[in-house]
Amino acid sequence: MGVHAGMGKIIVQKGEKLHSMTDEINTIDVLLKGKISLISEAGFKIPAGNGTVFGISLTPSDKYGFDYLAEEESTVYSYDYKDTKDLVKVIKGNPNIAPVMASACVRYAKYFAKALKLLRGKAEEKIGEIKDDYNKYIEDCAVVGEDPGNFASVENMPPLPETKATEGWRDSTLTALYNHDAELRKNFYALNIDFPVGMILTAGEYIKEVSKEIEGLETYMELIDESTGDFRQARNVIKAKINEEKIQNATDSDSDEAPEIKDALNMILSYAGVDTGIAEEFKGYIDQFKNAPDRMDTSDDMRKLRRNITKLFYQIYEAAFFKSIETGKYSPVIKMFFMFGFVDEELAGEENTQTLYNMAVKWVPDRQKRVVTAYEWLRTIYELKNAPSKNEFDNDWPAQLKEDRREGNITEEEEQQLLDDPKARVHFELNNMISVANRMTYGSVSSFAAVFFKEEAVRPIDSCMLSAEKINAAIDGVTEVDYGCFFRETVTSYQDLGINQFPYNVEVKPYVILLPNEGSRASLWQEIEGRKRTTNARMIISIIHTEDIADSAVRMCGEFRWEMCRRIQGVHWNDITDPSLTSEYSDYLQFYKKNRDISPEVKEKIKLALQKSRGNNRNVFVSDYISFIKNESKGQSKLNKVARDIVFRYCTFAKSYREALAANPQYQSLIEKWGIKREQKLHSLNLIARKIQTIQPELPEEVESELKFLQL
């Protein structure tokens with residue numbers, strides 16, 4: 001609904017509606033100051049300026065039929081409107097401004113006539129394009145050896161409806177009135193109040209007729225859109241086949257030059273096979289986005305446009321994914337769509353399009369299968385190799401199904417069926433983890449759109465492109481220092497050897513999922529899968545990452561250290577009576593003001609760190625962990641004594657770093673204490689190993705690996 005609040009003077013703020021198209025007419029409104037535009041259901045716009053009388057072409061209790069949108073702050077005076085005689089009363093009741101009102105209403109009528117002519121021109125252009133496309137379609141079908149089929153809706157399109165209001169004497173008279181406005185206002189409208197009354201009522205009758213013809217044209221164009229949808233889809237399929245064939249031929253050639261990519265969006269939509277309505281809606285949004293003066297604008301309209309694009313993007317992504325599973329193949333353009341969110345060569349820019357093509361065709365999957373693109377990750381979900389990730393509410397797939405059953409959305413039988421349903425699992429993963437992580441890693445929620453556009457490329461994209469090799473090297477760079485980062489304790493037993501429980505450490509490296517965007521953030525998504533502690537963590541990062549990957553890897557590992565400790569400790573994660581990384585660090589941050597080992601200067605730094613992280617202990621720890629890995633490991637003092645002691649005990653340096661820091665006064669005591677405890681553990685393990693070797697010559701694999709771990 002509009003903002004109309006009754007009779008009298010009304011201020012309509014920019015972006016607000018005076019009336020909505022479905023509102024009932026019960027007022028006559030005179031625009032005293034500002035600018036209000038009438039916007040049709042199809043998005044057609046008709047402007048109105050000072051003095052315009054809204055309601056002159058309408059009957060009380062009818063619907064407005066347009067949205068009356070304020071383009072700037074506007075002032076309106078409203079009068080009660082129960083009968084057509086009220087319109088004459090309004091005009092005669094304002095004799096001083098009646099000439100201005102008459103003049104404004106002539107302009108108003110002229111804008112309506114102009115809108116009708118423009119709309120008819122667009123309709124004629126559209127019909128011509130469809131006919132030309134149909135002829136070209138038949139030719140292209142012959143080229144690719146396809147049967148063009150029969151599209152009666154194109155061959156027998158109904159003629160355009162007549163638009164008589166803008167023809168003949170009325171149009172030329174209106175033009176003359178418009179061109180001689182100044183003279184008429186001074187020498188005619190001002191002579192007698194009945195002259196502006198007659199002119200305004202005449203303009204109202206004319207606008208009424210033009211409005212009906214505008215409505216008829218819009219209805220006609222909607223009918224053409226609906227009836228020719230199947231043809232347009234078939235046409236796009238054939239165009240896509242021809243373009244894909246050209247690109248594939250260029251890809252298969254020996255040339256290093258990227259092929260020219262044209263009409264990528266149609267190729268993607270054709271491949272995905274989404275409904276015509278979804279395809280047309282998405283194309284419309286992309287066209288709006290391409291034509292936007294500032295695609296990074298954070299206004300409400302641009303936010304809404306980006307949200308609409310993003311919502312449909314994931315529907316198309318899902319359809320294309322299942323198509324790739326069904327057919328077992330996809331073109332380089334579809335691969336660009338899967339990997340980077342690429343949808344349109346103009347939106348991406350010519351140079352970026354060529355770069356994205358080269359990066360897509362040269363992508364080398366991780367031999368260890370831990371660094372994966374979003375598409376590759378979804379395939380592991382589909383093939384039941386991995387369970388879907390947790391959603392924003394910390395529900396994994398089984399938990400979400402249980403919740404759906406409790407709420408009555410599914411039955412118990414459906415719950416069991418869906419648990420291992422490949423398509424349902426992929427749908428959950430794509431619309432929860434992938435969609436949320438894609439926005440998170442982008443780095444700017446307010447300007448995020450799921451499609452790649454050139455303005456987001458703040459750095460050359462080829463220099464920011466990640467690979468499995470780069471990411472593995474970055475994570476190895478962290479574990480070279482914090483060797484125990486991904487080791488976690490588990491238990492086995494050797495009943496035949498008389499050992500009921502044998503605890504040992506196993507290293508489980510994380511999955512790193514590359515999201516289809518250019519972004520600046522990297523984060524831990526979840527530390528384990530389900531409840532089993534020896535499953536892989538899941539980390540997320542943009543495939544085109546604008547920050548230093550080594551720094552991002554340290555941050556993700558710090559987040560993992562904290563969250564894995566919380567997982568192991570459970571409800572005792574911040575209970576100091578049960579010592580752990582998280583409990584000791586939380587205690588240190590909670591009571592730092594009373595700690596005598598911390599100087600006043602350092603206390604002030606801790607206070608600022610807590611303020612910066614908004615009291616989030618994890619963020620303070622991660623910041624200290626980064627300094628620990630990057631600086632402290634090289635002997636550069638960055639942490640205070642208390643923080644250093646906690647971090648070292650739980651994230652101990654690897655052997656080579658301990659040896660290098662052994663004589664450092666800040667670490668000498670820490671390393672010695674740690675070494676004593678390690679020797680005690682090693683001594684106990686050697687006793688177990690000797691006991692086993694009295695029964696059998698070879699040590700079990702877990703014992704061997706634990707011996708190696710204790711010597712790292």
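**A covered helix and the cores**

A: Helix α21 (residues 581-590) is mostly covered, with 8 of its 10 residues buried. Buried means under 20% relative accessible area, exposed over 50%, and partly exposed in between (1.4 Å probe, protein chains only). Helices (H or I, at least four residues) are DSSP runs, numbered from the N terminus. This is a predicted model: local features need pLDDT of at least 70, side-chain atom pairs count only at pLDDT 80 or more, and totals for chains, interfaces and linings use all residues. Residues are numbered from 1 along each chain as its sequence is written, and side-chain values use heavy atoms, leaving out hydrogens and water.

Which residues of α21 are buried? They are Leu 581, Thr 582, Ser 583, Glu 584, Tyr 585, Ser 586, Tyr 588 and Leu 589. These buried residues pack against α20 (549-569), α22 (600-612), α23 (617-630) and α24 (641-650). Contact here means heavy atoms within 4.5 Å.

Now the cores. A nonpolar core is a set of buried Ala, Val, Leu, Ile, Met, Phe, Trp, Tyr and Cys residues joined through side-chain atoms within 4.5 Å. The largest has 148 residues. Phe 282, Phe 340, Val 343 and Val 451 touch the most other members. Helix α10 (residues 300-327) gives the most to this core, with 12 residues. Apart from this core lies another, of 67 residues, including Ala 115 and Met 221.

Take Val 451. Leaving aside residues up to four places away in sequence, Val 451 touches Phe 282, Ile 286, Phe 289, Ile 309, Phe 313, Gly 341, Val 343, Leu 347 and Glu 456.

Definitions and conventions: Helix = DSSP H or I, 4+ residues; strand = E, 2+ residues; numbered from the N terminus.
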